[in-house]
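Here's a quick briefing to read with the model open beside you.

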Amino acid sequence: MTMTIYRSKIDYWLWITIMAIVLFCVTIPLFTNRNLNWYILLTLIIPAIIPTLLILSLLTNTNYTIDENKQTLKVKSGFLFNSKYDISKITKIKETRTWLSAPALSRDRIEITIGRYNKVIISPENKELFINHLSRLNPNIKVVK
């Protein structure tokens, strides 16, 4: 069974900015009022823990798996996004830098068109290798740079 896993490229500056905002929102109340009870402290910290865990899940579990035997592309992003696509139905791949929400951790992305209207935006670390792999399995894919 030949499966190749491609990790998502990560724009660390984006994730550090998000984490800084979350931490800032939590630490300001802590430093402005030193007489907080433990239950108030927990109500301030717990909302920051949830996005932190979500971000860590995304950073460690966003990848794209090409299964050559089943001819499928599996796109996984944390516990939020998990989809499979038939490689033979991929019609076009084009580079994009869109800000649209996607299972991609970088703005250096590719948009994959499946069929006529279904699209998925991803950001593999090595785009050229990834595109070549898909093109080898489906030579009918139109690649737009």
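In this predicted model, strands β6 (residues 109–114) and β7 (residues 118–122) run antiparallel and are joined by five bridges.

**The four-stranded sheet**

- Four strands make up an open sheet in the order β1-β2-β3-β4, and the pairing is antiparallel.
- β1 (3–7) and β4 (81–86) are the edge strands: each has a single partner strand, so one side of each has no neighbour in the sheet.
- If you ignore direction, neighbouring strands in this sheet are turned by 15 degrees against each other on average.
- Looking at one pair, β1 and β2 (residues 62–67) are linked in the antiparallel sense by five bridges.

**The largest pocket**

- How much space lies in the largest pocket? It's about 310 Å³.
- The lining takes in 17 residues, and W15, S101, A102, A104 and R109 are the ones that lie nearest the centre of the pocket.
- Which helix gives the most to this lining? That's α1 (residues 12–32), with three residues.
- Sorted by class, the lining has twelve nonpolar residues, along with three polar and two charged ones.

**Overall build**

- The protein has three helices and eight strands in total.
- Reading from the N terminus, the elements go β-α-α-β-β-β-β-β-β-α-β.
- The radius of gyration comes out at 19 Å, whereas a compact globule of 145 residues would be near 15 Å.
- Along the principal axes, the C-alpha atoms fill a box of roughly 65 × 30 × 25 Å.

Technical notes: Residues numbered from 1 in each chain as written. Predicted model: local features only at pLDDT ≥ 70, side-chain atom pairs only at ≥ 80, totals over all residues. Heavy atoms only, no water. Pairing = 2+ DSSP bridges. Helix = DSSP H or I, 4+ residues; strand = E, 2+ residues; numbered from the N terminus. Axes fitted to C-alpha atoms, helices over the stretch in contact; angles between N-to-C directions. 1 Å grid on protein atoms, 1.4 Å probe; cavity = no way out; pocket = protein on both sides within 12 Å on 5 of 7 lines; lining within 4 Å. Points joined across faces, edges and corners; volume = space filled by probe spheres on them. Nonpolar A, V, L, I, M, F, W, Y, C, P; charged D, E, K, R; others polar. Rg over C-alpha atoms; globule rule 2.2 N^0.38 Å.
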